[in-house]
Amino acid sequence: MAHNNNKFGTRLGLIAATVGSAVGLGNIWRFPAETQANGGAAFLLVYVACVLVLGIPVMLAEFSLGRGGQSDAAGVFRRFSPRSKWWITGGLAIVASYMIICFYMVVSGWTLEYLWQSLTGGLYESTQAASDAALEKDFAARMQEYICGTEGPLLCTYIMIVINIGVLLLGVRKGIEKVSNILMPLLFVLLLIFAAVACTLPGAGDGVRFFLSPDFSKITPGVFVNALGQAFFSLSLGMGILITYSAYYPHNVNLGKTAVTVSLLDLAVAMLMGFIIFPSITSFGLTDAQLEGTTLVFVTLPEVFVHLGATQFWSILFFLSLLVAALTSTISISEVSVRFIQDRFHKGRTAATLIVMLPLFVLSGICTLSFGALKDWTVCSLSIFDLLDTVATNYMLPVVSILTCLYIGWFAPPTLLKDQLTNHGTVRARLYPTVRFILRYIAPALILIVLLSAIF
């Protein structure tokens with residue numbers, strides 16, 4: 001059970017923490033690459049629709065389970081259906097979240113390395129007068145060094161684990177909420193600065209048009225599938241995060257308004273990244289760049305910063321932004337398992353935090369070395385890092401989301417969703433019938449399509 005001192009203290013705090021759990025590497029790392037690969041504005045249009053029409057109802061399902069059940073991601077199902085196997089749904093979410101934190105911590109370490117190299121100037125040694133081709137080759141070589149080495153990547157990953165442990169040990173109000181109140185406004189300010197600069201670059205208009213002027217002929221079933229997958233990933237659905245965090249919500253919080261606010265702020269970050277990336281690459285003639293996750297962040301954007309002038313300043317700001325997003329993500333994902341250990345095994349917060357986090361020094365270490373010393377360790381031709389990523393995000397998260405929708409729509413106590421959306425009749429929830437219909441019929445079918453597309 002969550003006691004009062006383990007609840008968010010203010011509405012701003014719970015919004016900041018929940019947005020921090022949703023806004024992370026999925027928005028900054030993955031969204032621009034998905035947008036470029038799926039037709040630009042056509043993808044954006046479908047993505048926004050998926051967030052608003054499907055993402056919000058599924059978020060409300062998780063919020064209702066968490067606040068109503070006042071327990072961990074598996075415990076809420078046990079509370080509402082004690083003699084059933086529905087707790088396995090929450091168990092899958094916890095396992096998926098732990099698999100994700102193993103490799104997310106590695107990406108956070110890479111980000112810390114790039115921030116350090118930006119601060120010291122090491123990232124930009126002998127690059128100022130280089131040609132575009134030479135720049136790309138140089139930054140690709142540096143990415144190989146910073147990611148595939150041994151001591152440096154391991155050290156940075158371990159530093160991020162220690163930072164997460166420190167925040168988690170402080171608890172919900174003094175740790176998660178306080179850190180989120182600082183980091184999330186900082187992230188928005190930094191991204192706004194970048195977007196303002198990018199949109200005033202010469203030739204930036206072409207990038208803005210690619211991002212905002214849809215070619216409807218490019219909206220295909222594949223684009224829809226990718227947009228739905230990105231929407232669910234960026235909102236952290238199916239990971240147990242929102243169930244866990246909503247258990248810390250006071251009972252007078254309006255869940256509908258919270259879900260809408262979190263979703264709109266999540267969309268805002270994705271939009272800001274679009275206004276940063278696409279004007280920048282068109283302005284500097286980098287439109288042929290491959291906007292894949294690691295290449296975009298660690299090769300293409302450093303090229304952009306060289307062209308901008310005040311290179312080191314912009315690089316520091318960007319990688320600080322990315323580190324903020326990574327930290328809020330890793331904290332929230334880790335909290336899922338910490339809460340589970342607290343509730344299921346009746347451990348104090350310190351013991352639960354250490355039980356969850358200490359194994360990461362080995363597990364995330366293995367993921368880190370899977371790009372270097374352990375690159376020959378493969379399963380089905382996938383590195384350990386890629387295996388965890390593929391299994392957790394492509395398969396487990398959709399399964400958890402489908403089961404959650406079906407449970408809330410058909411098997412949970414009949415009044416659960418309505419009671420939580422109306423705060424037991426004290427607030428109006430006009431969209432309750434629509435949300436219930438979507439959770440019963442629409443969301444499970446569409447998520448199943450995404451899952452099948454990943455399999456076949």
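**Packing around one isoleucine**

A: Leaving aside residues up to four places away in sequence, Ile-101 touches Thr-330, Ile-333, Ser-334, Leu-360 and Ser-364, where contact means heavy atoms within 4.5 Å. The model is predicted, so local features need pLDDT of at least 70 and side-chain atom pairs count only at pLDDT 80 or more, while totals for chains, interfaces and linings use all residues. Residues are numbered from 1 along each chain as its sequence is written, and side-chain values use heavy atoms, with hydrogens and water left out.

Ile-101 is placed in helix H5 (residues 87–120); helices (H or I, at least four residues) and strands (E, at least two) are DSSP runs numbered from the N terminus. With a relative accessible area of 1%, Ile-101 is buried, a term that means under 20% relative accessible area, as against exposed at over 50% and partly exposed in between (1.4 Å probe, protein chains only). The C-alpha atom of Ile-101 is separated by 20 Å from that of Tyr-146, 45 residues apart along the chain.

Tyr-146 in turn is one of the buried residues of helix H6, together with Leu-135, Phe-139, Arg-142, Met-143 and Ile-147. These residues lie on the same side of H6, because they cover an arc of only 115° around the axis, the arc being that of the directions from the helix axis to the C-beta atoms. On the other side of H6, Ala-133, Lys-137 and Glu-145 are exposed. Helix H6 (residues 132–148) has 17 residues and reaches 24 Å from its first C-alpha to its last, close to the 24 Å expected at 1.5 Å a residue, where the expected span is 1.5 Å times one less than the number of residues.

Another buried residue is Val-336, whose relative accessible area is 0%, and which lies in helix H14 (residues 311–345). Apart from residues up to four places away in sequence, Val-336 touches Ile-94, Ser-97, Met-239, Gly-240, Ile-241 and Thr-244. Its C-alpha atom is 8.3 Å from that of Tyr-245, although Val-336 and Tyr-245 are 91 residues apart along the chain.

Turning to rings, the structure holds 35 aromatic pairs; rings of Phe, Tyr and Trp (its six-membered ring) pair if their centres lie within 6.5 Å, and planes under 30 degrees apart count as stacked, over 60 as edge-to-face and the rest as tilted. One of these is the tilted pair of Phe-31 and Tyr-47, at 5.2 Å centre to centre and 45° between the planes. That pair links distant parts of the chain, 16 residues apart, with Phe-31 in helix H2 (residues 25–37) and Tyr-47 in helix H3 (residues 41–69), and both residues are buried. Phe-211 and Phe-275 form an edge-to-face pair, 5.4 Å centre to centre with 85° between the planes. Because Phe-211 lies in helix H9 (residues 204–212) and Phe-275 in helix H12 (residues 255–283), this pair ties together parts that are 64 residues apart in sequence. Phe-211 is buried, with a relative accessible area of 0%.
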